[in-house]
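I opened my notebook to look up a few backbone details. Here is what I went through.

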Amino acid sequence: MALLEVENLRIEIPGRRGTLVAVDDVSFSIGEGEVLGVVGESGAGKSLTGAAVIGLLEPPCRIAGGQIRFDGRRIDNLPYEKLRRIRGRHIGMVFQDPLTSLNPLYTVGRQLTETILTHTDLSEKGARKRAIELLQEVGIPAAERRVDQYPHEFSGGMRQRVVIALALCANPRLIIADEPTTALDVSIQAQIITLLKRLCREHGAAVMLVTHDMGVIAETADRVAVMYAGRIAEVGPVAEVVLRAKHPYTEGLMGSIPLVGHDVEQLTQIDGSMPRLNAIPPGCAFNPRCPKAFERCRRQRPELAPVDGAGAEASWTACWLYDDAAQRSGTDG
Amino acid sequence: MAEAPARARREDDLLVEVEHLAKLFDVSPPFLNRLLQGEKRVLLTAVDDVSFRIPRGKTFSLVGESGCGKSTVARLVVGLHRPTRGRIVFEGVDMAGLEGRGEAGPLRKRLQMIFQDPYASLNPRWRVADIIAEPIRAHRLVSGRRAIAARVGELLEQVGLAAADGEKFPHEFSGGQRQRISIARALASNPEFLVCDEPTSALDVSVQAQILNLMKSLQRELGLTYLFISHDLAVVYHISDYVGVMYLGRLVEWGEAKALFRRPQHPYTRMLLDAIPDLEMTGRARTPVAGEVPSPIAPPSGCHFHPRCPFAEERCRREAPQALATAAGEVSCHAVAEGRLPEVERAARAPAGED
């Protein structure tokens, strides 16, 4: 059984001019110790999906349908107190901006010990010892001294290490990392990615890595889900998605990334921009920008389906191009 | 580049020369604190003796991590800061020496800037047409309302928007479209030289591709010269003819782009290249670099990079290295000068679209 199962998740944002559907019928699962990358452009719904899993959706956003199961147990409908127990203890969180996810008024050590005391049976003294160990584990030099410093005394990369230490406090089985390296420089980014990978291996924690950076995904994730306009366009093993993209959106996205060593005059470009939530086209949400769109794409919405047989190595994609049955029979519906 | 370029172009036809440029910022505590608490004046050297040249019609990029001074160089070049030392020569005229609008004006319209954040660089209360018309009016390039409107429409179409979009306000556009408006505004005064400070780093990759493609085709059509500032090495590789790598205010290495990426000399350049994520899944592990950029207020002695450099020796701690000519540019490193660095040839990758 998968550690995290998300089934037909739907997130709505009610507004004065009607309700917007920000995440629409999204299903995926994360196995024990697996790293699932969730990639997409701004507004694709990837961060909202992450926030929904950990129960941190901010009103007016609300879960309007579907189920989220952690370790076989439904967590999307739990009362606040019960959810709070799971969050922190079993699910850790790493946010994008390390400056806003730490409290500037408390020392780093106090923030760590507070979390440790909340979720474990350690004594005050033991918690402090554990806090120092955690700081050492995430590669902060002179941890015994730095544990008593405030967040502003740390650099950006060091702060992100503290945030990771904070997420690891209670040895969670799942970590939701929302753009953990976006605010960092490339050299620091490489350090943080290496650290995340090592820690997950050592602690056996699964990770849901939400990012717009395909490079980070390619290096870190086991599987990738590509989101577009609130839906999953394609999901599969990382090598399949990165090297042999199936969905035209994924293909366009990969082609639009400049690479060192690739001499091209023009990058592949996807014309237009992602539709606004109040104007998602009928059928496949990508059809107006898709170079391969045909009549059915404008009319009927494709569902995620396996592409190459049903093996574990297969990617699933929501695209009519891969619907053999329809191609054989010409048209249907 | 099939068609003949708009202007005569030779390799030695330099448009911009930056010589020994330096900028110090005063970050001292307030006067009263200095007086009462005996605190000293503190100077931050943001740019330290930077020299480079940009041939006409080419793109020169500056890369480096946050705080390395690359944006300060951009601002110095367009005249938003006054250099503490050094010269910025535009077609033989030292711009830092020009006084007031009268002298600087005619030159100013020939260079323009595109900023990073398209949400902050456009006035939200102005219609797009007025934003783009502002440089036209300021430099009195076209007169008459109808003529200005026609020129604005032309500019909007040039950057891939519709002439009718001029009636709208900036908030009605997405990030990528706003950056197109910034580009249209920059092009309004018919500049020859554009300084682009991280023009795509606030944008999604697919939108970034649109903007980079647009910038490249505009360069071809109009014979533009770019100074491009970025922290993204892949973007820099794609767009540049020449690349300069900055570290803590100094230009540690510059050279012809392809050559620099293939055979990086300076240990810092090598480190940056090793830190690029591997998107082709070749299994190459990123080599994370130990340490972080030190504070520019108290930079390390000698070569600024020595505390993080695996090849540092006594001399590197003592003495700042001088620029040394390489096959395709210049590098400032004692280890390179003494020939004690291992040769690195980065394997050429397969061309795009292998499947």
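I began with Ala229(A), in the loop between strand E9 (223-228) and strand E10 (231-237) of chain A. Helices (H or I, at least four residues) and strands (E, at least two) are DSSP runs, numbered from the N terminus. I noted a positive phi of about 50 degrees at Ala229(A), although this residue is not a glycine.

I wrote down the ground rules next. The model is predicted: local features need pLDDT of at least 70, side-chain atom pairs count only at pLDDT 80 or more, and totals for chains, interfaces and linings use all residues. Residues are numbered from 1 along each chain as its sequence is written, while chains are lettered from A and ligands numbered from 1 in the order in which they are written.

Is Ala229(A) buried or exposed? I found it buried, with 25 other C-beta atoms within 10 Å. Buried means 20 or more other C-beta atoms within 10 Å of a residue's own, exposed means 12 or fewer, and partly exposed lies in between; C-beta atoms are placed from the backbone.

I turned to Ala142(A), in the loop between helix H4 (124-137) and helix H5 (143-146) of chain A. Its phi is also positive, near 50 degrees. Ala142(A) counts as exposed, because it has 10 C-beta neighbours inside 10 Å.

Then I checked H1(A). Seven of its eight residues are buried, so the rest of the structure largely encloses this helix. Among them are Leu48(A) and Val53(A). Just after H1(A), Gly55(A) has a positive phi of about 75 degrees.

Last, I looked at Pro60(A), in the loop between helix H1 (46-53) and strand E4 (62-70) of chain A. The peptide bond from Pro59(A) to Pro60(A) is cis, with omega near 10 degrees.
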